[in-house]
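Have the coordinates open as you read.

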There are 2 protein chains.
Amino acid sequence: MQILDGRKAAQAIKDELKITVAQRVVEGKKNPHLAAILVGNSGASETYVAAKVKACEETGFTSTLIRLEDSISENRLLDKIRDLNHDPDVDGILVQLPLPKHISSKNVINTIDADKDVDGFHPVSVGKMVEGLPTFIPATPYGIMLLLEHYRIDTKGKHAIVLGRSNIVGRPISILLSGQTPRGNCTVTICHSHTKDIKEHCLQGDIIVAAIGIPEFVKADMVKEGAVVIDVGITRIEDASKKSGFRLRGDVDYENVSPKCSWITPVPGGVGPMTIAALMKNTFMSCAENN
Amino acid sequence: MQILDGRKAAQAIKDELKITVAQRVVEGKKNPHLAAILVGNSGASETYVAAKVKACEETGFTSTLIRLEDSISENRLLDKIRDLNHDPDVDGILVQLPLPKHISSKNVINTIDADKDVDGFHPVSVGKMVEGLPTFIPATPYGIMLLLEHYRIDTKGKHAIVLGRSNIVGRPISILLSGQTPRGNCTVTICHSHTKDIKEHCLQGDIIVAAIGIPEFVKADMVKEGAVVIDVGITRIEDASKKSGFRLRGDVDYENVSPKCSWITPVPGGVGPMTIAALMKNTFMSCAENN
């Protein structure tokens, strides 16, 4: 069993970006600028946004973190996004999800200029991705594709089982893995809450992508010998013995599944860091195309 | 074995539209108007466009057929589309594909106003479909969903095998069947030219959608007893004994497969008429939303 080390692969991507950005600056071009909006202050969202800001610092990107009270009205948030849309220095805009219940994330996503939609959630980005056109790919599935690329995992003609059909992971990764992409050309089965015999489906998988948000859902008896397992889940489980008060668990029973795998992502340190590296790549692309 | 009769289901949809349109006209509202552009004069394209124009006549829609020489420049074609975009009476625009090689169908599709994109090929339409937002669904997969609806085929939790990953059929139908749609919630496996053991995959299918464009590809030994088979293929095979000089063949070996099926679409008379009914529904929706 070998580890798909997301930290290492993400570092390699960030190192490469850092050099390219430094070269741009030497040539008198602008560096990429990511603006992140954080509404309220939930623990997980704080952690994710902090990691994104840190990645910007590491790679020579400018970052702007805009903190807003969770009582902010939807209109004021949308105005804030419009300001960033019009700011020529800002290349990428991300609004950390989830948002407070009184704000429509659909309206928020649709308000972000499609040319700065580095999270890849805007309908135009999604449509272009489906049609195989160049665009921003949602950060988590893009990160998974970059991880497969980094470790040169053979995907062509393999049978990939995707657990979950969310717009942010399951749906786009099923499209990318089955598409004519560098690490695509898989036969893909997409499973979800209505799937019968999910174990039987999983057992057919040369590749399994678990993105359902149920801790340790994928057990050893659901995975065939030699499978490549990508664990997208990351759930905080209360744990009084930890300083933070919680431990992190993926959607895969890592301890028992990993011995059967050819490759597997750990949690944490697998898909999480790759998501951030993918966001950096999207932001860089936005900057390079427009400047 | 029962027939999924596309002619009958399409007629029911058109009959309903006809009544609704007549009511609109009585209320002093405008009727739907579909503008179709036909470049050149290939036999198959002529047939398809003629059927669309006829469907408009039957349902009380206005239709405009614009015929252009196949030597027309891309720029002149795009100008023509822009004229239609700005024409307030036109609710839907379709450009019959395929186009001559010197014209980029991508540019053509992207030039059509997303609000008049009744073929559902514009990236905005595709993105909204993926995200489950109201939009124009591409006519062929939409027609298939309407056919399943008409015959109340149970799809929830069924395993659907989609053969083909094209942007016009395979990809969108795999998304619709696996989505939270009225005839969705299937577990979906998407197969294509790189799929190994395609027969083994097909044999698992409670539902098979064949959209690969290879006549009679799906044989009886690839289909399990009781499957629902949707044949999207329609290939003209030369046949000197026919007055037209050709006969039509689907992607399914109908003669041998049909006895095993619970339901099957014939070719012709299955998906084809449904595609046109779906186009009519899209055009009606465009009209009703904007007038």
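## A sheet in chain B

Ala36(B) stands opposite Leu94(B), which belongs to β4(B). This is a predicted model, where local features need pLDDT of at least 70, side-chain atom pairs count only at pLDDT 80 or more, and totals for chains, interfaces and linings use all residues. As for labels, residues are numbered from 1 along each chain as its sequence is written, while chains are lettered from A and ligands numbered from 1 in the order in which they are written.

Back to the strands: β2 (residues 33-39) of chain B pairs with β4(B) in the parallel sense, over 4 bridges. Strands here are DSSP runs of E with at least two residues, helices are runs of H or I with at least four, and both are numbered from the N terminus. Two strands count as paired if DSSP finds at least two bridges between them. The whole sheet is open, with 3 strands in the order β3-β2-β4 (chain B) and parallel pairing. At its edges sit β3 (62-68) and β4 (92-95) of chain B, each pairing on one side only. On average, neighbouring strands are turned by 15 degrees against each other, direction ignored.

## What packs on it, and what follows

Helix α3 (residues 74-86) of chain B packs on this sheet and touches β2, β3 and β4 of chain B. Its direction makes about 175 degrees with that of β2(B). For such angles, axes are lines fitted to C-alpha atoms (for helices, over the stretch in contact), and values run from 0 to 180 degrees between N-to-C directions.

In the loop between β4 and α4 (105-111) of chain B you'll find Pro98(B). A cis peptide bond joins Leu97(B) to Pro98(B), with omega about 0 degrees.

## Where the chains meet

The contact takes 24 residues from chain B and 24 residues from chain A; two residues are in contact if their C-beta atoms, placed from the backbone, lie within 7 Å. On the chain B side, α5 (123-130), α7 (170-178) and β6 (187-191) each give two or more residues, and the largest share, 7 residues, comes from α5(B). That side divides into 7 nonpolar, 11 polar and 6 charged residues. Here Ala, Val, Leu, Ile, Met, Phe, Trp, Tyr, Cys and Pro count as nonpolar, Asp, Glu, Lys and Arg as charged, and the others, Gly among them, as polar.

Thr189(A) has Thr189(B) as its bridge partner.

## Two positive phi values

Most residues other than glycine have a negative phi. Asn185(B), in the loop between α7 and β6 of chain B, has phi near 60 degrees. It is buried, because 20 other C-beta atoms lie within 10 Å; the cut-offs are 20 or more for buried, 12 or fewer for exposed and partly exposed in between, with C-beta atoms placed from the backbone.

Glu216(B) has phi near 55 degrees and is found between β7 (207-210) and β8 (228-231) of chain B. With 19 other C-beta atoms within 10 Å, Glu216(B) is partly exposed.

## The end helix of this tour

Helix α10 (residues 271-290) of chain A has 20 residues, of which 16 are buried. From first C-alpha to last, α10(A) reaches 29 Å, close to the expected 28 Å, a span taken as 1.5 Å times one less than the number of residues.
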